[in-house]
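Open the model in your viewer and keep the selection tool ready.

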Amino acid sequence: MSKDTTTAAQSVGDALENLSTESRKFAPSAEFAANAVVTASAYAEAAADRPAFWGKQASELLTWSKPFTKTLDWTNPPFATWFEDGEINAAYNALDRHVEAGNGDRVAIYFEGEPGDTRSYTYAQLTEEVKKAANAFEALGLAKGDRVAVYLPMIPEAVITLLACARIGAIHSVVFGGFSAEALRSRIDDAQAKLVVTADGTFRRGKPSSLKPAVDEALSVPGHSVENVVVVKRNGEDVNWVQGRDNWWDDTVGTASTEHTAVGHAAEHPLFILYTSGTTGKPKGILHTTGGYLTQGAYTHKAVFDLKPETDVYWCTADVGWVTGHSYVTYAPLINGATQIIYEGTPDSPHQGRFWEIVEKYKVSILYTAPTAIRTFMKWGEDIPAKYDLSSIRVLGSVGEPINPEAWMWYRRVIGSNKAPIVDTWWQTETGAIMIAPLPGVTETKPGSAQSPMPGIAVDVVDELGVPVPDGHGGYLVIREPWPSMLRGIWGDNERYKDTYWSRFDGMYFAGDGAKKDEDGDVWLLGRVDDVMNVSGHRLSTTEIESALVSHPSVAEAAVVGAADETTGQAVVAFVILRDSAVEDADIVTTLRNHVGHEIGPIAKPKTILVVPELPKTRSGKIMRRLLKDIAEGREAGDSSTLADNTVMNQIAASLKA
């Protein structure tokens, strides 16, 4: 760790010492608690014997083709194995067994395309489609252990492809459809992918958007490992065609047999590689295996969302290109026999009520989305969701980054009618599944706090020496004990795995995030440790300042970065989006600076506040603060290929020149 990074990281311990205590608390209703899927006893059971707790979940939630006799092997840390002598097939667990149990007619997926086209798949139908895809891929020469690059929009074929790979033991590597050809090529090369599955394109805010040209460009340089490309026809755009390499989905999968027997794979057989987004250096392929990943995914999905698969309609709005779309779209919901929504488009196309229209149409009862989306809805105004019947919603989830208390309260009041519990979840690509979250039938929730580790998870907040901090103090978020869905390494680079995640603190996984324990011992996430600024020796959290800005009634969304400053070392620079309903203020910048000073203290007042029309975000909803830092420090913004909307940086630049 560099000196600069160490300085920033050490500041986490003090970052939120001034945070005003959140006094609002919301206990589950008596009716909700009485019918909850998971009760408070789970914590005591897991604490008594953590491996035995997870062994019980693995046995009860999954069907094993060969039962395991060994739960956890932690004799070679930081490399763990879970259920290693067992054998299991992920696709069989997600599909076939539900059909065999008589639930084949239950809807597995309702698909809503951006243009308004729809499809639905029962468990029986989805099972047939996955069997056909498995047969088609094998006919193209794909075998167990081969890698498959998946570059698809949010359409059913994405889920079908992933499950078909899992069925035959191939290892999928999904590359988000917004990534560039160069990013795609680097991931293909790192994994040595044999097959690419893509589409001609997709739809984006009412317009066709291409995908296959990026694949063609990625494969234009000789020496790649790809033998075949399978192309889904989605938006009908003309595409270049390479004879002998390119295959239409309908001509391969569409004509394949529906007979395919799922065989068990070792619990530690690799299930997928998912590359964490980065702009420099070699791609970092996070490796997940099968048995432990499926166990924790299925348990957390059931427990955190109080899932009742016979009656619930579940919608996770994440794209399959991110880990949330792996764990809580592709695998856990189907393993648990849920009915879920898959939506191709954006929240504002063809209109700003699109999400709520879908909730009303399908009677969505569980909604899982990102704080950035929630703050965007706040900006648009509550009159939009008020036009729709949202009474079916009974659980609301948040994922992707810390949610500020005012957005949490808006979500509860406007979308949840002050009744639906909110489960604010913390986890990472690396953790594979939810690690910290309230249980909706158990926990008295607090706006803005992820609160408690899941049963069976050993999370702590420590100081720079690795010593646990007392309640009321901040530090580094660490994981003390192995967990079933933990990454098994970085693809092809075990040393990098150890150096990246296990070198900061002896025997502990360091997540890279700062956190604070409040006076009750509940966890509040502060964001990445490098999102802590040192201003004239004072340590300030960007999350804290962003929350203060958004608490002002004129602000819909805010992003804060630390910019190099000759006088103070770093200066606070804020980018804000004003609400549509904001009262015009001739000196809004002064108003907001004073508001931050009042909420936190004079030292936290931003040196500069820039009013912008949008913020740069990935499609998963994460704000790309490094691009804002470029602007704040007077540089041309760096690579924006991972943004959901590449025009945002131009919009920001234009607004700042106005």
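Predicted model: local features only at pLDDT ≥ 70, side-chain atom pairs only at ≥ 80, totals over all residues.

Residues are numbered from 1 along each chain as its sequence is written, and side-chain values use heavy atoms, with hydrogens and water left out.

**Stop one: R167.** Select residues 156-168. This is helix α7, and R167 lies in it. (Helices are DSSP runs of H or I, at least four residues, numbered from the N terminus.) Is R167 buried or exposed? R167 is buried, at a relative accessible area of 1%. (Buried means under 20%, exposed over 50%, with a 1.4 Å probe and protein chains only.) Now show its contacts (heavy atoms within 4.5 Å). Leaving aside neighbours within four places in sequence, they include Y92, D96, K131 and H260.

**Stop two: α3 and α4.** Select residues 41-48 and 50-61. The two axes are 5 Å apart, at an angle of about 120°. (Axes are lines fitted to C-alpha atoms over the stretch in contact; angles run from 0 to 180 degrees between N-to-C directions.) That makes α3 oblique to α4. (Under 35 degrees is roughly parallel, over 145 roughly antiparallel, 65 to 115 roughly perpendicular, the rest oblique.) Show A42, E45, A46 and A48 in α3; they meet R50, F53 and K56 in α4.

**Stop three: α14 and α15.** Select residues 371-380 and 405-415. Here the angle is about 70° and the axes are 10 Å apart. The two helices are therefore roughly perpendicular. Look for I374, R375, F377 and M378 in α14, meeting E406, A407, W410 and Y411 in α15.
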